[in-house]
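Please keep the sequence and the model in view while reading.

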Amino acid sequence: MKTLMTSNPISNKLVSTLFLFVLSITFAFGQTKTVVTEGQNITVTVKNVKNNTGQVMVALHTADTWMKGQGLQNINSKIENNQVSITFKNVTPDTYAIMVLHDENTNNRMDFDNGMPTENYGMSNNPMSYGPPQFSESKFEINTEDLEFNIRF
């Protein structure tokens with residue numbers, strides 16, 4: 001005796017839907033998690049801080065912000081063993097310069113006596129110039145790679 005099976009459209013649709021659901025879950029778990037970043041990291045290290053008093057202020061500047069106040073990113077760091085290391089994160093490609101100040105009295109600014117700085121400072125590229133710091137001597141490009149700077153006071 002032969003048994004004749006008829007196809008049930010509702011059960012076929014249910015099986016197809018269940019199959020697609022399981023398949024989509026499998027693909028979702030099979031994907032690797034991608035971390036999206038906005039830009040690169042810039043690590044700044046200063047190893048010759050004269051003492052552990054106060055803080056070191058590090059500012060990331062463009063030509064538009066250089067010597068005009070706060071940078072695009074600003075980090076104040078505690079000094080340990082006469083050195084500091086900080087990282088600016090997610091820096092987008094452009095031309096920048098870094099200014100570093102040893103703020104010994106923690107007043108969040110550079111102090112002067114007769115027009116001369118009384119606290120140590122430094123810039124990216126470690127230029128040795130007389131007079132006010134120049135963006136052109138301190139500038140650098142960031143593109144697709146992380147950068148590291150050792151800045152001297």
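How many of the residues of β5 are buried? 9 of its 10 residues are buried, so the strand is mostly covered; buried means under 20% relative accessible area, with exposed over 50% and partly exposed in between (1.4 Å probe, protein chains only). The model is predicted: local features need pLDDT of at least 70, side-chain atom pairs count only at pLDDT 80 or more, and totals for chains, interfaces and linings use all residues. Numbering runs from 1 along each chain as its sequence is written, and side-chain values use heavy atoms, leaving out hydrogens and water.

**Pairing around β5**

- Strands (E, at least two residues) are DSSP runs numbered from the N terminus, and two of them pair if DSSP finds at least two bridges between them.
- β2 and β5 run antiparallel and are joined by 7 bridges; M57 has L101 in β5 as its bridge partner.
- β5 also pairs with β9 in the antiparallel sense, over 3 bridges. Here Y96 stands opposite F140 in β9.
- β8 (residues 121-123) pairs with β5 over 3 bridges, again antiparallel. M99 has M123 in β8 as its bridge partner.

**The open sheet**

- An open sheet of 3 strands has the order β4-β1-β10 and mixed pairing.
- β4 (84-91) and β10 (147-150) are the edge strands; each has a single partner strand, so one side of each lacks a neighbour in the sheet.
- The twist averages 15° from one strand to the next; axes are lines fitted to C-alpha atoms, and angles run from 0 to 180 degrees between N-to-C directions.
- β1 (residues 40-46) and β10 run parallel, joined by 4 bridges. T45 has N150 in β10 as its bridge partner.

**Nonpolar cores**

- A nonpolar core is a set of buried Ala, Val, Leu, Ile, Met, Phe, Trp, Tyr and Cys residues joined through side-chain atoms within 4.5 Å.
- The largest core has 19 residues; I42, V44, V58, L60, F88, I98 and V100 touch the most other members.
- β1, β2 (55-61), β4, β5 (94-103) and β9 (140-142) each supply at least two residues of this core. β4 gives the most, with 4 residues.
- Beyond its neighbours within four places in sequence, F88 is in contact (heavy atoms within 4.5 Å) with residues including I42, V44, V58, L60, I75 and I98.
- A second, separate core of 5 residues includes W66, A97, M123 and F135.

**R152**

- R152 is found in the segment after β10.
- Not counting residues up to four places away in sequence, R152 touches N48, Y121, G122 and N126.
- The C-alpha atoms of R152 and P127 are separated by 9.5 Å, and the two residues are 25 residues apart along the chain.
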